Structures are given as structure tokens and as C-alpha cells.
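Hi there,

Here is the structure I promised to pass on to you. Have a look at it first, and then read my notes below.

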Amino acid sequence: MEFTIGSLELNRTNPAHVGTKPLIDTTKTLYQNQFGNISNTAPAEKKSKSLFEAYLMDAIDGVNQQQLKASKLEEQIITDPESVDIHDVTTSMAKAQMAMDIAQTVINRLLDGWEQLSQNR
């Protein structure tokens, strides 16, 4: 009994991976959202983003925005204490911590799921 994948072929990021598809550079797609379009990245690549990747990048961006907001309020309360309420700072820090905890939990569960899938092969 022989197993064939047919036309399904996964993207390759490492030359040691099996397949005939050309290698892709994952750093381009990771930093593309943060720093804008990279000069040697084709516009078609941006359109071919999967829904999951877009959702994941939006979620990470949301966590980052919470962290930046908390950091900005921390700096503001140190430099100009009368301009910000301490409760706003505390709330912002708690939201940022909760967002980070949720992101860490999701990452850990994704890694556990991937590990379980890998062991079933």
C-alpha cells in the first residue's frame, strides 16, 4: 500500500525538508506586517495570506499594542504624574498582562497539539 499526497505540497523553510517546492524565507512574512512591504516581496504574496495567519498576526499585534499602551502610561506617570490617573495605569498594566498570559497559553496549546500530531505519525 503506497500513500500519495497528490497535488498537496507544504511550503518548505529548510533545505532538509522533503518536497520539491522552492524554499521560502519566513522572516519576510513575519516582519512584513511590522515594517511594511519588503522590497523583494511580491505583492501577490501579500494577497495569498491565509485567514489563520492574518488572524494570528492581528492577535499578536493586539497584544503588542496593549504592552505599548501600558508602557506609555508607565512613562507618563513617572514624568508627569498629574496628567494620568493611577487607576488607568493599573488597569492598562493588568490588561497587558492578561493579554500576554492568554497569548502564552494559546502558544503552549498550539505547541502541545503539534507535538501530539507529530507523535501520531
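Helices α3 and α4 are roughly antiparallel to each other, a label for angles over 145 degrees. They pack at an angle of about 150°, with their axes 8 Å apart. Axes here are lines fitted to C-alpha atoms, for helices over the stretch in contact, and angles run from 0 to 180 degrees between N-to-C directions. The helices themselves are DSSP runs (H or I, at least four residues), numbered from the N terminus.

Please keep in mind that this is a predicted model: local features need pLDDT of at least 70, side-chain atom pairs count only at pLDDT 80 or more, and totals for chains, interfaces and linings use all residues. Residues are numbered from 1 along each chain as its sequence is written, and side-chain values use heavy atoms, with hydrogens and water left out.

Which residues make the nonpolar surface patch? They are F52, L56, I60, M98, I102, V106 and L110, and the patch covers about 660 Å². Such a patch joins nonpolar side chains within 5 Å, from residues with over 30% relative accessible area and no salt bridge. Both α3 (51–79) and α4 (86–119) supply at least two of its residues, with the largest share, four residues, coming from α4.

L110 is in helix α4 and has 45% relative accessibility, so L110 counts as partly exposed (between 20% and 50%, with a 1.4 Å probe and protein chains only).

Best wishes

How values were computed: Patch = residues over 30% accessible without salt bridge, like charges linked within 9 Å, V, L, I, M, F, W, Y side chains within 5 Å. Areas by Shrake-Rupley, 256 points an atom, 1.4 Å probe, with all protein chains shown as cover. Salt bridge = Lys/Arg side-chain N within 4 Å of Asp/Glu carboxyl O. Parallel < 35°, antiparallel > 145°, perpendicular 65-115°, else oblique.
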